[in-house]
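Visitor: Please show me the sequence and the structure. I will then ask about it piece by piece.

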Amino acid sequence: MDLRAETPLFTGSDWDFALVNRIYEAIEPIAVDEMKLNVYPNQLEIISSEQMLDAYSSVGMPLFYKHWSFGKQFVTNEMLYRKGLRGLAYELVINSNPCISYIMQENSATMQALVIAHAAFGHNHFFKNNYLFRQWTDADGILDYLEFAKRYITLCEERHGQLAVERVLDAAHALMNQGVHRYPRVRPRDLRREAEREAERQAYRESIYDDLWRTVPIGAKAATIARDERLAVLGLPQENILYFLEKSGPQLAAWQREILRIVRLIAQYFYPQRQTKAMNEGAATYVHYRIMTMLHERGQITNGAFLEFLQSHTGVVYQPTYDSGHFGSFNPYALGFGIMTDVERICMDPTQEDREWFGDIAGSGDPLEVLKDIWANYRDESFISQFLSPRLIRQWRLFKILDQENDSEIRVDAIHNERGYRRIRRTLAQEYDIGQQEPDIQVVDVDLAGDRLLMLEHVVLNGVLLDEGDTTMVLQNLANLWGYEVALSEVDAENRNELRSHQAQPQPEWMR
Amino acid sequence: MHIVDRRLNPGGKSLVNRQRFLRRARAYVQKAVRDSLKDRSIRQLDKESEISIGRDAIYEPTFHRAGKGGNRERVLPGNHDYLEGDRIKRPEGGEGAGADAGTGEGNDDFQFVLSREEFLDLFLDDLELPDLAKRRLIGGEVDGIRRAGYSTAGSPSNLSVSRTMQKAMGRRMALRRPSGAEVQRIEEEMATIEALDPLRPEDADRLKRLREDHAHLVRRRNLIAYIDPVDLRYRRFEAMPRPVAQAVMFCLMDVSGSMSEHMKDLAKRFFALLHLFLSRCYEHVEVVFIHHTDRAAEVDEQTFFYSTVTGGTLVSSALDKLIEVAADRYRPDNWNIYVAQASDGDNMMQDNARVISLMQDHILPMAQYVAYLEVGRDKFPEAATTQSMTTLWQAYAPVAEAHRHFVMRKVAHRQEIYPVFRELFQRRGLGERAPS
């Protein structure tokens with residue numbers, strides 16, 4: 001086959017709609033027919049940089065309810081952007097069906113090709129196939145649900161005042177990370193029906209309302225129930241604090257419960273993204289790299305455009321070293337893309353070491369099949385713990401440090417040698433395990449017979465306690481929502497000793 | 001695949017969120033805005049500006065692990081020469097092992113950019129001009145035209161077609177102008193009759209009647225025009241004089257040798273604030289700079305602030321000059337006059353009487369507001385306030401007693417400029433006298 005048979009799609013950096021269309025039509029057969037990617041229908045939306053800033057500040061969603069924290073985001077981004085400290089992303093992609101990719105009008109033609117390959121096929125395939133997204137999010141309903149949430153919160157603001165709604169949202173946002181079901185496999189939620197459900201409930205409440213009930217004398221106090229029974233009724237222990245408040249908070253009005261529900265469902269929607277950062281970006285980067293290379297091989301993009309692409313690509317996958325002065329943490333693009341290209345190498349051109357470490361995929365000859373399986377069935381933690389190869393550990397010269405409380409110095413625990421590979425890999429995987437990184441906080445009991453004290457427990461791993469200042473503030477919010485005293489005790493995971501405890505009383509003016 | 005062009009969608013989706021953020025942080029932002037005056041040069045005062053506020057006001061807490069303590073493991077890239085078992089000194093500040101190193105959190109200030117409007121709003125919040133309403137004048141200048149109904153005469157370009165057609169239609173209906181359809185119907189009927197070959201007598205009669213009707217209709221149509229000159233309507237515009245509030249601000253400053261750079265800087269800040277404030281309240285503000293030693297001269301801004309002139313000190317010369325310029329160019333019945341005078345308080349003792357009389361008899365009656373700012377040395381602010389009163393202060397003190405729109409203040413440090421300014425222009429209840 002003559003690789004240079006085709007004429008380039010474009011030569012300059014200018015683009016118009018017809019060109020974007022042609023680029024898309026050149027990329028689609030490569031992605032769908034050759035790479036066999038399985039994607040949602042695509043919708044590309046051209047936006048200006050200003051609109052990109054807008055989109056940034058509402059967590060990337062096209063519509064969102066109003067809250068000051070998004071304004072805070074906006075002013076920060078705006079300042080960083082205007083001072084030139086931070087460029088804007090070339091694209092933003094939304095996990096919905098159809099999959100919406102925002103592309104900026106300031107991009108050059110090469111960059112448009114890059115972002116179409118990256119977002120409209122890379123991310124899109126990942127969203128549609130990864131088990132976490134399939135299990136937890138409802139791509140069909142998310143936009144409708146956000147629309148409902150926005151409308152509902154505006155309605156609440158009209159009825160109950162902006163301040164009252166803001167207080168509930170502030171408190172709910174503080175607990176957002178504790179508003180996620182982590183373990184049980186929830187039934188797929190039909191977000192579209194959420195709005196109807198709420199309307200039905202409201203109508204039902206209105207139809208059964210009878211003022212007489214208020215006058216019924218309250219009988220003798222019920223006998224104290226056994227602890228087991230109480231826990232069973234309340235569904236305790238419960239790690240999803242927002243869920244617990246929504247269902248069992250004694251002081252909340254119906255609309256406040258609904259707001260908690262909105263915040264928690266949105267948190268749940270973003271939960272998979274937090275667990276698949278490296279994989280998601282890695283997959284998209286791998287896909288765009290492959291597609292752009294193929295376009296170049298076929299002469300559909302010029303050498304100049306390909307160099308422009310490479311410059312941008314290498315910038316994206318750059319990983320500073322720990323002592324370079326701007327190391328924060330691993331670059332998810334670099335990590336994901338690095339491991340995926342390494343998997344490709346293992347499939348195509350394995351060494352003896354690879355055969356020992358990756359017997360099942362080494363030399364399989366079909367890297368795309370292996371990668372697609374990885375993209376569908378792994379998350380960051382399991383992905384790293386299975387596919388980070390000794391070769392990459394050597395290449396990146398990874399080392400592991402151990403920082404112990406009762407030691408005055410940090411110890412280098414493992415380096416890139418035979419003894420260290422597995423330990424480094426395990427530790428790095430743990431850094432991407434959300435269960436390890438986020439504190440394990442659960443509602444354990446409620447003192448129903450007494451003063452309705454809500455008891456929470458933080459299971460302390462490795463002696464790392466909660467941040468004191470933040471915990472006090474969040475607990476205050478929690479107490480306000482609960483309406484009674486709240487206590488949080490930090491308990492060592494191994495010997496169950498209480499290490500520290502926090503309390504908070506509700507503020508009486510909060511409910512007003 | 002669809003491509004949707006969203007660029008034309010209305011921007012500013014975050015505006016509401018931004019406003020809510022500013023409302024929430026208002027108290028802090030306001031304080032920051034006022035503090036920012038301290039270290040900002042005058043020229044930047046009414047530009048967009050970056051401000052920073054403490055994070056507390058707008059902090060969003062979450063449950064998360066502390067950055068320090070406990071046992072931690074971490075993997076880092078880029079090992080050069082560490083071997084297993086090596087020991088590294090723990091870096092200060094928790095970095096290196098800190099889980100949140102590099103997330104940028106912590107107690108840094110939160111920085112963002114305020115637009116010029118937002119800045120001024122917060123900056124000049126609840127200040128007001130003394131007696132602003134009293135002398136708002138109708139200036140000679142006409143500031144625009146507005147629609148004023150329709151007229152029967154006008155230029156063709158202003159012809160209102162719809163209104164004209166409406167009128168014409170009304171007239172045609174009132175005068176019963178035959179419609180084209182009516183005429184056509186008769187013509188058709190005539191044609192059918194004419195087409196009959198043997199013309200029966202009753203047909204001939206009918207044809208004759210039809211011809212008469214037709215002629216009548218056509219004549220009516222010709223007499224009653226479709227559009228008559230009386231139907232024409234023109235859009236009418238009228239010039240609308242708008243009240244133009246204009247003000248002139250006289251800046252008076254002593255530039256004799258006793259005025260140090262520091263003092264001039266203080267004065268400049270005060271003048272700049274006043275100018276900023278006036279330009280927000282009046283559409284048009286002019287500034288006149290008069291500096292004086294023992295002689296006064298009207299100068300441009302650059303000379304005013306930066307030139308050095310040697311000589312004695314004769315305040316009355318500046319007042320004379322002011323009166324002269326005002327009489328010449330800024331007549332009090334057309335202008336709101338504001339006077340700001342800055343001096344270190346030096347004056348010839350024998351000049352005082354004349355200063356008082358000029359101020360009381362000429363300047364105060366025509367001015368809206370006169371502010372005298374006595375600038376002291378930075379080094380000994382205490383001394384400046386406890387010092388025996390300066391010559392000029394002695395002269396002005398009784399004037400301030402007697403006139404509520406004459407105020408005087410002492411300032412020794414630039415931090416005090418804004419509070420003093422605020423104090424002078426604070427919004428007051430009706431009828432309350434300005435403390436002086």
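Guide: This is a predicted model, in which local features need pLDDT of at least 70, side-chain atom pairs count only at pLDDT 80 or more, and totals for chains, interfaces and linings use all residues. Residues are numbered from 1 along each chain as its sequence is written, while chains are lettered from A and ligands numbered from 1 in the order in which they are written.

Visitor: How many of the residues of strand β3 (residues 99-104) of chain A are buried?
Guide: Strands are DSSP runs of E with at least two residues, and helices are runs of H or I with at least four, both numbered from the N terminus. A residue is buried if 20 or more other C-beta atoms, placed from the backbone, lie within 10 Å of its own; it is exposed with 12 or fewer and partly exposed in between. By that count β3(A) is mostly covered, and its buried residues number 6 of 6.

Visitor: Which residues point the other way from A:Cys99, A:Ser101 and A:Ile103 in β3(A)?
Guide: In a regular strand the side chains alternate between the two faces of the sheet. In β3(A), A:Cys99, A:Ser101 and A:Ile103 point one way, and the buried residues pointing the other way are A:Ile100, A:Tyr102 and A:Met104.

Visitor: Does strand β1 (residues 42-47) of chain A pair with β3(A) in the parallel or the antiparallel sense?
Guide: Two strands pair if DSSP finds at least two bridges between them. A:Ile47 stands opposite A:Met104 in β3(A). Over 6 bridges, the sense of the pairing of β1(A) with β3(A) is parallel.

Visitor: Through how many residues does a hairpin join β2(A) to β3(A)?
Guide: Strand β2 (residues 91-94) of chain A pairs with β3(A) in the antiparallel sense over 4 bridges. A:Val93 has A:Ser101 as its bridge partner. The hairpin from β2(A) to β3(A) runs through 4 residues.

Visitor: Are α1(A) and α4(A) parallel or oblique to each other?
Guide: Axes are lines fitted to C-alpha atoms, for helices over the stretch in contact, and angles run from 0 to 180 degrees between N-to-C directions. Helix α1 (residues 17-34) of chain A packs on helix α4 (residues 109-129) of chain A at about 45 degrees, with the axes 10 Å apart. Angles under 35 degrees count as roughly parallel, over 145 as roughly antiparallel, 65 to 115 as roughly perpendicular and the rest as oblique. The relation of α1(A) to α4(A) is therefore oblique.

Visitor: Which helix of chain A gives the most to the side that touches chain B?
Guide: The contact takes 78 residues from chain A and 52 residues from chain B. With 11 residues, the helix that gives the most to the side of chain A is α3 (residues 68-82).

Visitor: How is α3(A) placed relative to α1(B), and what is the term for it?
Guide: The axes of α3(A) and helix α1 (residues 15-24) of chain B come within 7 Å and cross at roughly 100 degrees. That makes the placement of α3(A) relative to α1(B) roughly perpendicular.

Terms used: Two residues are in contact if their C-beta atoms, placed from the backbone, lie within 7 Å.
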